[in-house]
Amino acid sequence: MSVDVVGRLIKIPYILVLGMGGTISGISENSDNPLQYQAGKVSVKNLLKNAGVDSVCGCKVFSKQVANVDSQNLTAEHLTELGKLVIQGLEDPLLKGLVITHGTDTIEEVGIFLHLICGNKANKVGKRIVLTGAMLPSNALLSDGPKNLADALKWVSSEFDDYPGGVYGVFAGKVCLGMDLSKRHATDLDAPLQAAHCSPIDNLTPAWLSLVRFVLLTLETDLPIPESDAWPWVEILTSYAGARPESLQLLLKSGMQGLVIAGTGLGGFHSAWLPGVLMATKKGIAIVRCSRTGAGLVSRDIPEKEMDGMVASGNLSAPKARIGLQLALNAVHQAKVEMVPTTWQAIFANTSFRNHSPIIVR
Ligand code: SIN
């Protein structure tokens, strides 16, 4: 018998569905255009009730409403609370796995966050944490939410031992690693995993499973979750034609601790920012450069030798690099308290998977 994350005494294996909001919980008042809607209106309890789900594969299904928001409004507090609940769940011997219903707009951040704070633990205990959501609100005629929820419950409860524990995303009949989620289309039903390595959920691709095992093997530790008031301040600045030095100068006066530059192409930035970037590194501001293209690798010393105090993001997009840098800065802070010598650069290097997205030379 154990007490679950909502404080119930549980005696049988169970699956927990955490509700965060999003379009999957959205309601449209306009039957002619379901894209006019409000996210985060239906409770997760009612999503399960409407789908007629009470148990799957011999596991009772319970739910907890963590938030019910449009994910554009996700806060550091939400992430801290969600992370702590997930870890608590992983430690419960009767919990089989977790499904999280979430808005697709920032599911990219949540996917990398969970992967970095508990992907290793989930893999070790053989439990799956599955993020899902929808592109159409719950009352749209062709809403994708019910099928996505059913698929997520299927993936989380799948009986096969050789499907590794870890953080995943499920949309449009496909499954990918949570760290690979990234919304790269405004309306397509498979938008959150269009750019991801993924597999059909009903016909798993052996190559995808091997890749998943490889990525999870490279995850040697989990990073600590920042307390809700202790998330380091990290900004994203996108480089563009005609960039002005003032934008960076303003940020330098702000008190930010880290900066992600969403650079052009291979991660370069406008030379108008060079003096500001040099100033930032002198002030000890951590800088990561990634590519505004949204895909591919940004590698050390490519195309030019790396500046001191700056690191390349590997295959992390700007929003993912931002979460990775926040977690790295927080981990350094905690290591200092425990007097363990480390650097944010060393920790950040382990947040990105450089070999995961190979460069193809034709
Ligand atoms: C949201 O991210 O909360 C709204 C958009 C969506 O879920 O697709």
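In the predicted model, the centres of domain 1 and domain 2, taken over C-alpha atoms, are separated by 30 Å. Domain 1 spans residues 2–217 and domain 2 spans residues 234–349. Contact between the two domains involves eight residues of domain 1 and eight residues of domain 2. On the side of domain 1 that touches domain 2, four of these residues are nonpolar, one is polar and three are charged.

A helix pair was examined next. Two packed helices are described by the angle between their axes and the distance between the axes. Helix H3, formed by residues 107–125, packs with helix H8, formed by residues 318–337, at an angle of about 35 degrees. The axes of H3 and H8 are 8 Å apart, and the crossing of the two helices is right-handed. From H3, the contact draws on Glu-108, Glu-109, Ile-112, Phe-113 and Leu-116. From H8, Pro-319, Lys-320, Ile-323, Gly-324 and Leu-327 take part. Sorted by class, six residues of this contact are nonpolar, one is polar and three are charged.

Antiparallel pairing is found between strand E10 (residues 166–171) and strand E11 (residues 174–177), which are joined by four bridges. Gly-169 has Cys-176 of E11 as its bridge partner. E10 and E11 form a hairpin with two residues between the strands, and in this hairpin Ala-172 adopts a positive phi near 50 degrees. E11 is in turn paired with strand E12 (residues 198–200), again in the antiparallel sense, over three bridges. Here Lys-174 stands opposite Pro-200 of E12.

A further open sheet consists of four strands in the order E13-E14-E15-E16, with parallel pairing. Its edges are formed by strand E13 (234–238) and strand E16 (310–312); because each has a single partner strand, one side of each is left without a neighbour in the sheet. Neighbouring strands of this sheet are turned against each other by 25 degrees on average, with direction ignored. Strand E15 (residues 286–291) pairs with E16 in the parallel sense over three bridges, and Val-288 stands opposite Val-311 of E16.

The ligand is surrounded by Gly-21, Gly-22, Thr-23, Ala-39, Asp-70, Ser-71, Gln-72, Gly-103, Thr-104, Asp-105, Gly-133 and Met-135. By class, this shell comprises two nonpolar, eight polar and two charged residues.

Definitions and conventions:
Residues numbered from 1 in each chain as written. Predicted model: local features only at pLDDT ≥ 70, side-chain atom pairs only at ≥ 80, totals over all residues. Domains from an automatic or database assignment. Contact = placed C-beta atoms within 7 Å. Nonpolar A, V, L, I, M, F, W, Y, C, P; charged D, E, K, R; others polar. Near = placed C-beta within 6 Å. Pairing = 2+ DSSP bridges. Axes fitted to C-alpha atoms, helices over the stretch in contact; angles between N-to-C directions. Left-handed = near helix turned anticlockwise from the far one by under 90°.
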